[in-house]
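Q: I would like to learn how to read a protein structure. Please take one feature at a time.

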Amino acid sequence: MLGDTQGRKIDRYVPDYVVFDLETTGVSCVTDRVIEISAVKVQGKKIVDKFSMLVNPEMKIPFRASQVNHIYDDMVKDAPVFEKALADFDAFIGDMVLVGHNIHTFDMKFIQRDARAYWGKTFANSYIDTLVLARKCLPQLSGYKLTDLAAHYCICSDGAHRALADCGMNQKVFERLGEALKSPAIRKNIKVCPRCGQMLVRRKGKFGEFWGCGGYPGCRYTENV
């Protein structure tokens with residue numbers, strides 16, 4: 001859903017959402033471009049629709065990127081450019097909450113950058129990063145890649161690093177994290193900001209410890225420990 005205000009990160013489970021994932025020519029949200037965008041729509045915890053498009057990045061795909069995602073120049077030469085793909089993605093997601101793995105620092109930056117470039121707008125959808133939730137719910141893990149979480153939950157990771165396969169994997173992971181968030185042992189260590197929905201972080205100030213919103217400085221909510 002395009003708007004004038006960028007959507008905010010929320011740190012909780014919701015039953016209705018869209019999981020999305022990008023494959024790109026590299027990791028820079030300044031110079032690299034999207035070559036695949038996929039999404040699955042979930043209602044009542046079940047996938048009800050899917051979206052997937054290869055994208056012509058209008059540049060050569062670096063070999064190092066193709067080694068990871070197995071997308072090559074000949075596969076995208078007749079694909080639509082990202083302006084078309086992103087418009088179709090916007091129509092697919094509507095105003096639903098977006099979910100993805102590491103999207104706060106990666107995927108959201110790409111789609112927000114290009115929405116501003118194409119239309120002078122940003123995606124106003126709230127979004128949930130499963131990497132953030134996993135670190136809180138599974139502190140015992142040594143790694144937090146999507147495939148690490150899939151292995152932990154015994155979820156099949158076949159086809160990893162292609163966008164639609166990663167969406168399906170992440171949907172299952174998010175549902176398991178949603179169950180974990182119900183655990184009293186986990187809930188007692190997680191506090192959520194009542195104003196913006198992001199997790200509270202324990203901090204030290206002039207007068208001792210306090211809980212502060214993880215969304216600071218955008219949200220300045222605090223409460224006593």
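A: Begin with burial, taking Phe 89 as the case: this residue is buried, with a relative accessible area of 0%. Buried means under 20% relative accessible area, exposed over 50%, and partly exposed in between, with a 1.4 Å probe and protein chains only. The model is predicted, so local features need pLDDT of at least 70 and side-chain atom pairs count only at pLDDT 80 or more, while totals for chains, interfaces and linings use all residues. Residues are numbered from 1 along each chain as its sequence is written, and side-chain values use heavy atoms, with hydrogens and water left out.

Q: Which residue forms an edge-to-face aromatic pair with Phe 89?

A: Rings of Phe, Tyr and Trp (its six-membered ring) pair if their centres lie within 6.5 Å; planes under 30 degrees apart count as stacked, over 60 as edge-to-face and the rest as tilted. Here the partner is Phe 123, at 5.9 Å centre to centre and 65° between the planes. The pair links distant parts of the chain, 34 residues apart, with Phe 89 in helix α3 and Phe 123 in strand β6 (residues 122–123). Helices (H or I, at least four residues) and strands (E, at least two) are DSSP runs, numbered from the N terminus. Phe 123 is buried, as is Phe 89.

Q: How many aromatic pairs are found in the whole structure?

A: The search finds eight. One of them is the tilted pair of Phe 51 and Phe 89, with 6.2 Å between centres and 55° between planes. Phe 51 lies in strand β4 (residues 46–54) and Phe 89 in helix α3 (residues 82–93), so this pair ties together parts that are 38 residues apart in sequence. Phe 51 is buried too, at 11% relative accessible area. Ring pairs link Phe 20, Phe 51, Phe 89, Phe 92 and Phe 123 into a cluster.

Q: What sits over the ring of Phe 92?

A: A charge sits over a ring if NZ of Lys or CZ of Arg is within 6 Å of the ring centre and within 35 degrees of the ring normal. In this case the charged end of Lys 41 does so, 4.6 Å from the centre of the Phe 92 ring.

Q: Is Glu 36 buried or exposed?

A: Glu 36 has 4% relative accessibility, so the residue counts as buried. Its place is in strand β3 (residues 34–43). For its partner, look for a polar contact: a pair of N or O atoms within 3.5 Å, where within protein one must be able to donate a hydrogen and the other to accept it, and residues adjacent in sequence count only if both atoms are side-chain atoms. The side chains of Glu 36 and Arg 162 are joined by such a contact of 2.8 Å.

Q: Where does Gln 198 lie?

A: Gln 198 is in the loop between α8 (184–187) and β8. With a relative accessible area of 12%, Gln 198 is buried. Its side chain makes a polar contact of 3.3 Å with the side chain of Lys 9.

Q: What is the strand order in the open sheet of three strands?

A: Two strands pair if DSSP finds at least two bridges between them. The order is β8-β9-β10, with antiparallel pairing. β8 (200–205) and β10 (222–224) stand at the edges with a single partner strand each, so one side of each has no neighbour in the sheet. Strand β9 (residues 208–213) pairs with β10 over three bridges. Phe 210 has Asn 224 in β10 as its bridge partner.
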